[in-house]
Amino acid sequence: MEKNSISFGKRPRDPMVKRVWKDIWRDRRRYIMIFLMLVTVIGFVSGMYVANNSMLTTLDENVTIMKREHGHFRLSDKADEETIKAIESGEKADVVSVFRERAYDEAEDEVIDAVEDAVAEEVEKQVKAAILEQVSAAVTGQLAQAEQAGMEYSDEEKQAAVDKAYDSALSENYDKAYEEALKTAKESEDYDKALDEAFEKAHKEIDDKIDEKYSELSERYELDEEFDPVPVTVYELFYKDVDELHKNTGATESKIRVYPERKDIDLYDILDGHAPENDKEILIDRMHADNAGIKTGDTIFAGNVKFEVCGLAAFVDYSTLYESNTDTMFDALTFNVGVTTDEGFARIRSNTRSNYAFTYNNAPADEYEEKELSDHFLKVLITQVAASENEDLEIKDFVPAYANNAMNFAKNDLGSDKAMAGVLLYILTAVFAFIFAVTISTTLDQESSVIGTLRASGYTKGELLRYYMSAPLLVVAFAAIAGNALGYSFFKDTVIGMYNNSYSLPKYRTIWTPEAFIRTTVIPLVLMLVINLVVITKTLRLSPLRFLRHDLKQNKKKKTMRLPRWNFLSRFRMRVFLQNIPNYLMLFVGITFVMLLLSMVVGLPETLSYYQNNIEDGMFAKEQIILSTTEDEDGDTITTAAKDAEIFSVYSLERKSDTYNEEISVYGVAENSKYINLDSKYEKNADDDEVYVSKAYADKYGVQAGDTIVLSEKYEHKDYTFRVYDIYDYTAALTVFMSNDRFNHEFGKDEGSFTGYLSNNPVNDIDEEYIVKKITVDDMLKIARQLDHSMGSYMVYFQYVCVIIAAIILYLLTKIIIEKNERAISMTKILGYSNGEIASLYIIPTALMVFFSEFIAIYLGFVLMKFAWQLMLMSMSGWFEFVMPFSGLVKEFVLVFAAYLIITIIDYIRIRKIPKVLALKNAE
C-alpha cells in the first residue's frame, strides 16, 4: 500500500525584495545625496591609495636603480687620499697612538731646546765666573804691588780696575772658552741624563693630558665599543651654494646648490630635456622650476655665471627640497638643486663644500641594522678624521640616509596622508551609517503597523532585517564601485598632481593593489552593515503586538513634562524640540564634525598669514651671518664695516625624547646687545647654569621659569643641564640664550670667540668663502610660504567641500525630523494652520538648535584643532601657534548657517507637500 505524503512545495520568493528598489526610488533625493558624497570621498581616497602605493613603490625601487647613498658627511676641507682610504676601511683609528706620536714629535724639539737652554745658561754662568775669578786675582795682585811701592787706591778705583779688566777679558776670551765648555758639557753623562729626565717628564705630562682628553672623547662617542669593521665606499659629492638669478624676474629670489656631474652615486630621473653636455648647461630640479616658472631652454645665473637650463629632473637624494637637514620645513620656492659638468662647476666662484656620500659595502637588511651600522660608522669617521694628517680637519655634518629629511619626508608624508584619508573615509562613512540608522528607525516607526502585520503573517525577523538593510548596503556598494572607478582613473591623477605640487617625484608606473579595494569598499560596507544591524536588530526584537500598537520605545513611558503657560505655538515648538532631542543630538554631532574640518581649512591659511605678517618682528636682526671661521687667511679676525653689526655665537644641541629628537639653537649674546635684550641682572648675577628659553620652546614643551631642561650633543653622548632663568619673548624658533662669555666657557671656546654677526644693515664686505649661512627674513618665512603654496589653494577648495558636506548632513537630519512628524504636520493642516505657521513650528526649533550648536561646535572644533595641531608639530621641528582670528570664527559660522538657510527653503517646500489625508491613514 502506497504511503500518502503531503507536499507543501517551495516557499515563494520574498515579494519584499521588489520593494527595495521602489523604496530607493521613492526616497531618491536622500540616497542620491549620500551616493554622490560617498562616490566623491571613496573616489578620492581610492585614488590616494593607488597613487600613494604606486609612488611609494617607485621611490623604494629608485633606491637601488638610482644608486642612492646610505648617508653623507661634510668635512671642513677636502680630505687627503690616505684619510679617505682609512675611512673606507671601516676600522677605528688608534687615536691615542696618533695623538701621542704627534705630541711627542711636537715636544721633542721643545724638550731639547729647553735642556740646551738650561745647559747653556749654566755654562755661561760658570765661564763668566771663572773669568771673573782669574781677572780679580790678577788685578788684586797688581794693585797690591803698586801699594807696596807707595801708591794708594780707593775701593771704587779698585772695583773699576777689576770691571775694566773683566770686560777686556770677556771680549778676548769668552767665546772660545764658552764654546769649549759647552762642548764638554754636551758630551758629558750629566747632559744625557738631564735630557732623558726632561723627555721622561714631558712624555708623562703628555700621556696624562692625552689620557684625560681621550677618556672624555671616548665617553662622548663610546669609542671603546668593539664592533666589526664597517667597510664603505666613499664618493666625492662636492657642491657650491650660490644665489640663483632668473632672467625673467631679474631679482635674486632663490638659492641653488650646484653639483658637478654625478655618475656613480645619487643619480636622477630626467623628466624633461637632457643631461648637461657642456660647461654652459645645467640640469635643475623640476619642482623648483615649476614654482619659479623656469622651463627647459631658459637662462639662469648661478652666482654670476650664466647657464642654459638643459633639462628638469627629480634627484633621488632630494625628493623633498630641504636645504639643511635641520630646517623646519622644506622649501621648493627659494631653494634649488642643479647639476652641471665638471668644467661648468669650476666656472662658479664660491666656497666648495667638501661633501662626501658613502654606501655600505654590505648593505643593511633593514632600518634597525642601518641605524646600528650608522652609529658604528660615525665612530670610525670621528677617529679617522681625528687621526688625519690634516690636524685642522673637522666633521661639519653627518646625515645617515634613514634620518635624511630630503630623502624620507615625501615618502613619510605620502604614507601619513594615506592613513589620514582612510580615517576621514571611515569617519564620514560612520556618520552616514548613523544617518541611515536614524532614517531606518524613523521608517520602522512609520511602518510599525505594516511590520506588525507582516510578523503576524509569518515573516521572520531575518527577512525583515535583510529588507531594511538592503537599501543602505546597495547605495554603499554602488557608491564604492563608482568611487573606485573614478579613483583608479581621475582621482589618481589628481592626487599625483597634488604631490607633484610639493615634492620632487620621479616618473612612476601605476600599481594596482587590493588595499584600495579593501579599505574603500569592504570596510565601508562592513561599517554600514554593523551599525545598521545593531539598530535594526534592536528594534525587531519587539513583539508583533507592540509594532501593531506603535509602541516601539525601549524604555518605560515617562510622565509628560509640564510646560509654562506660554501661547499655544510656543508650547508646540517646545514639544517638537523635546520629542526630537535624539535627532538634535545627532545634528549637533554632525555640525561639530563639520566645524572641526572648517577649523582646519579656515584656520591653517589664517595661521600661515599671521605667521608671515609677524615673522619680521620676531627676528633678532634683518641679517644673521654665520661664519665658517672667524679668522681670514692671514690670521686676522674677520670684521665688517656694516653699521650696528654685533657679534653673536650659536651652537646646536638636541632635546631628546623617545619619539622625536628636536634640534635646539643655543645663542651666546653680546653684553648689552641691541638685538637680544637679556636682563642686565641676569648677565651680572645669574648662576652659570641659568639660561633664557624662547617663548616658542616654553609653549611647545610646557616650560616655566625655574624648571630644569636637558639638552644633548647631536653626535655625542654628552648632556647639558640648564635651569630656566626666564622666558624670552621670541616665537620664531626654539632657542636657548646665555651671555657670550658663558657660552664660550660652557662649550670650551676661547675667550672672545664668536660665530657670526647680527645686523639690521646689509653685510656685504665679508668674502663668501667664509660665510656658512646668511639668514634673512625670507629664510624664516620658508615654512609658511611652502605650506601656503602646497596647501593654501586646496584649503579654499576644501572650505567649499565642507559647506557641501554640512548642507548634506543638515538636509538628511532635518529631513528625518520632518518625516518623523509628518502625521502631526498633516493634522495641523486639517486644524487650519497655514504652511507658514506650521513651518515655524518645526523650522524655528531646528534653526535655534543649529544656531546654538554652531557656537558650541565652533569652540569644540577650535579646541580639537589646537590639540591636533600641537600633536602634529610635536613630531616636527619648530613651533608656531595655531591662530584663529575672530573673522575666521565668523566665517565658519556664516558658511554653515548659509548652508542651513538653503536647506531651510528645501524643508519649507517639503512641509508644503505633506498632504492632509496623511493624518487619516493608519489612524488607530
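Is valine 890 buried, exposed or partly exposed, and what is the relative accessible area of valine 890? Valine 890 is partly exposed, with a relative accessible area of 36%, where buried means under 20%, exposed over 50% and partly exposed in between (1.4 Å probe, protein chains only).

## Basis of the model

This is a predicted model, in which local features need pLDDT of at least 70 and side-chain atom pairs count only at pLDDT 80 or more, while totals for chains, interfaces and linings use all residues. Residues are numbered from 1 along each chain as its sequence is written, and side-chain values use heavy atoms, with hydrogens and water left out.

## The chain as a whole

The protein chain comes to 24 helices and 20 strands, counted as DSSP runs numbered from the N terminus (H or I, at least four residues, for helices; E, at least two, for strands). Of its 924 residues, 47% are buried. Among contacts (heavy atoms within 4.5 Å) between residues at least 6 apart in sequence, 83% join residues at least 24 apart.

## Helix α13

Helix α13 covers residues 514-540, and its 27 residues reach 36 Å from first C-alpha to last, close to the 39 Å expected at 1.5 Å a residue, the expected span being 1.5 Å times one less than the number of residues. A kink of about 25 degrees lies at valine 522, shortly before proline 524; the bend is the angle between axes fitted to the seven residues ending at a position and the seven starting there. The buried residues of α13 include Thr520, Thr521, Pro524 and Met528.

Phenylalanine 409 has its place in helix α10 (residues 405-446). Leaving aside neighbours within four places in sequence, phenylalanine 409 is in contact with Thr320, Tyr322, Phe330 and Tyr503. Serine 319 is 90 residues from phenylalanine 409 in sequence and 8.0 Å away in space, C-alpha to C-alpha.

## The cavity

A search of the whole structure finds 1 cavity of 30 Å³ or more, a cavity being a set of points on a 1 Å grid over the protein atoms alone where a 1.4 Å probe fits but cannot get out. The largest cavity holds about 40 Å³ of space, a volume being the space filled by probe spheres set on the points, which are joined across faces, edges and corners.

Definitions and conventions
1 Å grid on protein atoms, 1.4 Å probe; cavity = no way out; pocket = protein on both sides within 12 Å on 5 of 7 lines; lining within 4 Å.
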